[in-house]
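Some words used for a protein model rest on a cut-off or a count. The questions below ask what stands behind each word.

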Amino acid sequence: MKKFPVKQVVAVGIGAALFFVVGRFVAIPSPVPNTNITIQYGILGFLACVFGPVVGILAGLIGHALIDASYGYGIWWSWVIASGIFGLLVGFGCKKVSSVIDDGVFSWKEILTFNVVQLIAHVVCWGVIAPVLDILIYQEPIEKLFAQGLVAGIGNFVTTAIVGTLLLLAYAKAKPRKGSLKEEA
């Protein structure tokens, strides 16, 4: 059995906390009821890309559950699950990006890969998973669900493209490029 490294445990804790704080307190209400535009998916996308799918799913699940619990209306499990799956999909989809980022590289190819992966993940999560689970779990009206999913998906894609890409660029710049360090004689 593979151990869960301390670095990943810390990343889950910090990621869930950041997801909660940003999602709860840095939210712009949208015209669609119970749907906000926030930047927490940029943070989640960054963490999932750098630390992998396990960190992505756990930070998304825990962070979103904390947001819902803090509002006092109960935990909306369909959207909590969608947030976790977003982290999982980005973590799996960005494995190649993650390997070169650790070498200090985040070029146009990696930027494009990250953004295509996060776009697909948002479409799957907010266009399919959240609305379908809302129908199955809560018997919500279909028109409302797909309006919420569309607004959330577009808003989350844009904020993830901006915030996630900037975080990944900064992270890559902070890493020494492979072969850039030379041993002194």
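Q: Why does Pro-33 count as exposed?
A: This is a predicted model, and in it Pro-33 has a relative accessibility of 53%. Exposed means over 50%, so Pro-33 is placed in that class at 53%.

Q: Why is Ser-83 called buried?
A: The relative accessibility of Ser-83 is 0%. Buried means under 20%, and therefore Ser-83, at 0%, counts as buried.

Q: Which residues does Ser-83 touch, leaving out those up to four places away in sequence?
A: Ser-83 belongs to helix 4 (residues 77–93). It touches Phe-19, Tyr-41, Leu-44, Gly-60, His-64 and Trp-126, not counting residues up to four places away in sequence. Contact here means heavy atoms within 4.5 Å.

Q: What makes Val-50 buried, given that its relative accessible area is 9%?
A: The class of buried residues takes values under 20%. Val-50 has 9%, so it is buried.

Q: Where does Val-50 lie, and what does it touch beyond residues up to four places away in sequence?
A: Val-50 is part of helix 2. Its contacts, not counting residues up to four places away in sequence, are Ser-98, Leu-168 and Tyr-171. The C-alpha atoms of Val-50 and Asp-134 are 30 Å apart, and the two residues are 84 apart in sequence.

Q: Which helices hold Val-9 and Ser-99?
A: Val-9 is in helix 1 (residues 6–25), and Ser-99 is in helix 5 (residues 95–101). From Val-9 to Val-117, C-alpha to C-alpha, the separation is 24 Å. From Ser-99 to Phe-146 it is 36 Å.

Q: Where is Gln-139, and why is it called exposed?
A: Gln-139 is in the loop between helix 6 and helix 7. Its relative accessible area is 60%. The cut-off for exposed is over 50%, so Gln-139 is exposed at 60%.

Q: How do you know that the span of helix 6 is close to the expected one?
A: Helix 6 has 31 residues, and 45 Å is expected at 1.5 Å a residue. From its first C-alpha to its last, helix 6 reaches 42 Å, which is close to that value. Helix 6 also bends by about 30° at Cys-125.

Q: How does the reach of helix 7 compare with the expected value, and where does helix 7 bend?
A: Helix 7 has 33 residues and an expected span of 48 Å; it reaches 46 Å, close to that figure. The bend is about 30° and lies at Thr-160.

Q: How much space lies in the largest pocket, and which residues lie nearest its centre?
A: The largest pocket holds about 490 Å³ of space. Its lining has 22 residues, and Asn-34, Thr-35, Asp-68, Tyr-73 and Trp-79 lie nearest the centre. Elements that give two or more residues to this lining include strand 2 (36–38), helix 2 (40–51) and helix 3 (53–71). Helix 7 gives the most, with 5 residues.

Q: What kinds of residue make up the lining of the largest pocket?
A: The lining divides into 9 nonpolar, 9 polar and 4 charged residues.

Terms used:
Residues are numbered from 1 along each chain as its sequence is written. This is a predicted model: local features need pLDDT of at least 70, side-chain atom pairs count only at pLDDT 80 or more; totals for chains, interfaces and linings use all residues. Side-chain values use heavy atoms; hydrogens and water are left out. On a 1 Å grid over the protein atoms alone, a cavity is a set of points where a 1.4 Å probe fits but cannot get out, and a pocket is an open set with protein on both sides within 12 Å along at least five of seven lines; lining residues have an atom within 4 Å of a point. Grid points are joined across faces, edges and corners, and a volume is the space filled by probe spheres set on the points. Helices (H or I, at least four residues) and strands (E, at least two) are DSSP runs, numbered from the N terminus. Ala, Val, Leu, Ile, Met, Phe, Trp, Tyr, Cys and Pro count as nonpolar, Asp, Glu, Lys and Arg as charged, and the others, Gly among them, as polar. The expected span of a helix is 1.5 Å times one less than its number of residues. The bend at a residue is the angle between axes fitted to the seven residues ending there and the seven starting there. Buried means under 20% relative accessible area, exposed over 50%, partly exposed in between (1.4 Å probe, protein chains only).
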